[in-house]
Amino acid sequence: MESNWAAEHLQVIRTLMERSALYRRALAPIMIFNGVVGLAAAALGWTLEVGSPRVFVLFWAGVSVVAIAGSFLLVRRQALKESEPFWSPPTRRVTQALLPALVAGLMISVVVLVRAGLVAGQPDNLAGVLWLPLIWVVLYGCAFHAAGFFMPRGMRMFGWGFIIGGCGLFAVGVPAWASPLDYAHGIMGGFFGGLHLAYGVYLYFTEHRRNAT
Amino acid sequence: MNPEPFLQLDRVIHEKGRLAILSMLAASPELSFTELRDALTMTDGNLTTHIRTLQQAGYLSVTKSFRNNRPLTTCSLTPPGRKAFANYINLLEQIIRQTKPE
C-alpha cells in the first residue's frame, strides 16, 4: 500500500521534472508564419525562375534568414507578454538540439555555393543539385526531432515527417514530367511551406483546446 | 516494516502543491512565477502561499526584478532546498525498497 503510494509520488515528481524542462511557448504562430513564408518563397522562386544552383542557395538562405528572424521576434514577443526571460533554459536546450543538423545543412550549402558550376560536365542549373533540397529537408527533420525531446510530443512526429518524406523522395527520384525548377521549388514549398502550415493550423486548434481545459 | 522513513518525510515538502513546485524547480535553474502557475495550473493566491511556506523553510529563493518595465518574479531552489528534495526522494525510494516483495 505504502509502496504504491511512494511509487506514484515518484512518478508524479518525474513527470513534473520532465515538464519543467519542456519548451512551452505557443508554437502555432511560429509554424504558421514559417509556413506562409515557405509557400510565398516557393511561389516567388518559381515565378522568378531561380534556376542557377548558386542563386537557388542564396535565395533560400535569404528566406531562412527571414524565417529565423520572424520566429525570433515571435518568441521574444511571447516572452515579453508573459513577463518571462527570452533566453530561458528550455529555449537554450531547444536551440542546442537544433544547431548540429542546421549547421550541417549550412555547411553543405556553403560547399554547393562555392563549388557549383566548377565540376566539369555538370550543368549550371538545378538538375545537378536536386539532392540539395532533399538534404535540407532531411537535416531539418533531424534538427526538429532532436529538439522534440524538449518540446511537446508532436514535434518529434513533425521531424519524422520531414525525414521520411525527404528520404522517400530520394528513393522515388525526380518524376519525368517535372522540370528541375518545378521540382526544387516544389520540394521547398511543400515541406517548408505546406508542412509548417499544416502543423501550425493543427497546433493552433489543439493549443487553444488545451488552454481552454 | 520499519516506519522510520515515512516518519522522516519532510512535512513542508510532502504537501502536493509544494512538492510539485520543488519538482519543477529541481529540473530548472529558475522559473518565473507565471511559468510555475501555468505549468501547475494553480491560482495566483495558492501559488503565493506555497512559495511563501517554502521560502520560510529556506528551500526557495525568490527574486523580484523588472524586465522591460514589467515586474518579474523568479523562483529557484536554495542549496538546503535541493538537499531536502533529494532527501525526500531517497526516503520514498527507501519506502518502496522496504515493501517490495523479495
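Trainee: Hi! How many bridges join S2(B) to S3(B)?
Mentor: Eight bridges join S2(B) to strand S3 (residues 70-77) of chain B, and the two run antiparallel. Strands (E, at least two residues) and helices (H or I, at least four) are DSSP runs, numbered from the N terminus. Keep in mind that this is a predicted model, in which local features need pLDDT of at least 70 and side-chain atom pairs count only at pLDDT 80 or more, while totals for chains, interfaces and linings use all residues. Residues are numbered from 1 along each chain as its sequence is written, and chains are lettered from A and ligands numbered from 1 in the order in which they are written.

Trainee: Thanks! Which residue in S3(B) does Arg67(B) stand opposite?
Mentor: Arg70(B) is the residue facing Arg67(B) there.

Trainee: And in what order do the strands form the sheet in chain B?
Mentor: The order is S1-S3-S2, in an open sheet of three strands with antiparallel pairing; two strands pair if DSSP finds at least two bridges between them. Strand S1 (31-32) and strand S2 (60-67) of chain B are the edge strands, each pairing on one side only.

Trainee: Which strands does helix H3 of chain B touch?
Mentor: H3 (residues 16-26) of chain B packs on the sheet against S1 and S3, its direction making about 90° with that of S3(B). Helix H5 (residues 44-56) of chain B packs on the sheet too, touching S2 and S3, at about 125° to the direction of S2(B). Contact here puts C-beta atoms, placed from the backbone, within 7 Å.

Trainee: Switching to chain A: how many helices and strands are there?
Mentor: Chain A has seven helices and zero strands, whereas chain B has six helices and three strands. Along the sequence, chain B reads α-α-α-β-α-α-β-β-α.

Trainee: How do H5(A) and H6(A) cross, left-handed or right-handed?
Mentor: Their crossing is left-handed, a term for the near helix being turned anticlockwise from the far one by less than a right angle (right-handed if clockwise). The axes of H5 (residues 131-147) and H6 (residues 154-172) of chain A come within 7 Å and cross at roughly 160°. That makes H5(A) roughly antiparallel to H6(A). Axes are lines fitted to C-alpha atoms, for helices over the stretch in contact, with angles from 0 to 180 degrees between N-to-C directions; under 35 degrees counts as roughly parallel, over 145 as roughly antiparallel, 65 to 115 as roughly perpendicular and the rest as oblique.

Trainee: What residues make up that contact of H5(A) with H6(A)?
Mentor: They divide into 15 nonpolar, six polar and one charged. Ala, Val, Leu, Ile, Met, Phe, Trp, Tyr, Cys and Pro count as nonpolar, Asp, Glu, Lys and Arg as charged, and the others, Gly among them, as polar.

Trainee: How many residues of chain A are in contact with chain B?
Mentor: 19 residues of chain A meet 25 residues of chain B. On the chain A side, helix H1 (residues 2-20) gives the largest share, eleven residues. That side divides into ten nonpolar, four polar and five charged residues.

Trainee: Last one: is Gly45(A) buried or exposed?
Mentor: Gly45(A) is buried, with 22 other C-beta atoms within 10 Å. The cut-offs are 20 or more other C-beta atoms within 10 Å for buried, 12 or fewer for exposed, and partly exposed in between, with C-beta atoms placed from the backbone. Gly45(A) lies in helix H2 (residues 28-47) of chain A and touches Val50(A), Phe59(A) and His185(A), not counting residues up to four places away in sequence.

Terms used:
Contact = placed C-beta atoms within 7 Å.
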